[in-house]
Each structure stands twice: as structure tokens, then as C-alpha cells.
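Have a look at it first, then read on.

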Amino acid sequence: MQTRFILIDTSHAGNVGAAARALKVMGFDDLVLVAPRWPNVLRKEESIQRASGAGDVLAKARVVATLDEALNGVTHLCATAMTPRDFGPPARSPREHFAELTRPGAPEQCVAFLFGSERFGMKNEDVYRCHVALSIPTNPQFGSLNLGSAIQVLAYDWRLALGGFPVHNAVPPADKADAQQVAGMLQHWEQALTELGFLDPAAPKKLMPRLNQLFNRAELSPEEIHILRGVAKAMIQNAAKADPAKG
């Protein structure tokens, strides 16, 4: 799937930068501005600052005079009009519609998302050209989204429909302690619990097997084994202090 984001009559330079950032975060870079308020909006300081690292998307973005120019090559057009029209394309939620576009066997298309002016939204004649009007499910009492936020939501849902990106754990997985390390730690704990008087060696019942199962579920690392053995050592030392006969 090819993807394009089209902003019509954009009036705030900061929103252009925010749009570039939202696109780059989701792996898109085709941004077209139709008759923006500032012809040099892609080079304005506010746009660059709000892009915050997405300067390459701004550099690639295009400014055109008409919507027809922006739609060159587009085969599926999505409006982002929140206000119901008397007639026009069906209104659907993004995820519902994206699931249809990406269903197995669906043809590959060049999909474009249209966003209207911050002040006036989308014109009726622009909405009527679209195949669907996407409506982001929001609080019924307050559904107003900033332009940059709306772009981020749709870009995220579309990327998710296309397969998404894997989540990488910032913390590398820890090594797991082997059975011998766990057994040694349990022996240490058994000694400590006996010294404290918590475990009766003559009637141990199932305390140690239950602790064994508990620690198995925890999937301890060697470092955690070291900590637990340190705790056992401290318990033995404190028991000896409390009863000099055990020292």
C-alpha cells in the first residue's frame, strides 16, 4: 500500500511540523499541502521546531495549488470530516475501514487521507470526492481533536492495519538461574528458616517444595539468586545474635 497525507488550507505552521513528526513516527513520509496559508510553511521556524527530528519528512513534502494535483496517483480517498453531511460517502471508524482495505486478497492501492483547514474543516465538495468519511471514536460530549493529534491517531491505526512495528524491550532479557543454583539457594534458605525457628526439621511438611515452586515460577536470574542467598545469610547471622548458643 502507498500512503499519502494531504492537508488542505492549513493555517498554522506548527501543525505542519506536528504532522511531519506524526508521519515519521509511524513510518510514513508522503505529505502534501494544498494551498497553505504560508507558501513557505515548510521552511518556517515553527514548522521545523514542531517537526522535532522529522526534518526529512518536511524536506520531502510538497506544496501544491489544487487538490487535483495532490491526488495524482491516488486510488482510494479518505475524508476526515467529523460533521455529518446530507449525503456523501459513508462514515466509518478508522479500524473498521482499514480492516476492509487490508483484508486478504484486497487490491493494493494508493490511499490518501484528507485533512481540512483548522478553522473551517473540510469543504463539502472535497468530502464528496472521497470514498469514505473516517470518524475517530471520541467522547460524544467533546470530540474536538487538534490537527496534529488527529493525524497521529489515523497514522497509528493505519500502520497497525498494515502490520505495525514490533515492540522492542528496552531492557535485555536476564539470564535464568540453572537448577543447581536454585537448589543451592533453597538449601541456604532451609538452613536460615530452621535457625529462625520458622521451619521444624522434624515436621517440615511441604514448606520447602512450595518455596521451590514459588521460585520456579519467578524464573530467577543469577543476580536474584545472589540477593536471596544474601537474605538467608543475614537471617542466619541475626538468629545467632539472638541466641548466642547458636553462634
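Buried means under 20% relative accessible area, exposed means over 50%, and partly exposed is in between (1.4 Å probe, protein chains only). Keep in mind that this is a predicted model, where local features need pLDDT of at least 70, side-chain atom pairs count only at pLDDT 80 or more, and totals for chains, interfaces and linings use all residues. Residues are numbered from 1 along each chain as its sequence is written, and side-chain values use heavy atoms, with hydrogens and water left out.

Side chains of opposite charge can pair when their charged atoms come close. A salt bridge here is a side-chain nitrogen of Lys or Arg within 4 Å of a carboxyl oxygen of Asp or Glu. Searching the whole structure turns up nine salt bridges, including these:

| Salt bridge | N to O distance |
|---|---|
| Asp9 and Lys123 | 3.9 Å |
| Arg95 and Asp157 | 2.9 Å |
| Glu219 and Lys176 | 3.4 Å |

What about exposure? Asp9 counts as partly exposed because its relative accessibility is 27%, and Lys123 is partly exposed too, at 44%. Asp157, at 9%, counts as buried. Lys176 has a relative accessible area of 54%, so Lys176 is exposed.

Now for Thr10, which sits in the loop between strand S1 (2-8) and helix H1 (13-25); helices (H or I, at least four residues) and strands (E, at least two) are DSSP runs, numbered from the N terminus. Thr10 is buried because its relative accessibility is 2%. Leaving aside residues up to four places away in sequence, Thr10 touches Val16, Pro36, Arg37, Glu118 and Leu147, where contact means heavy atoms within 4.5 Å.
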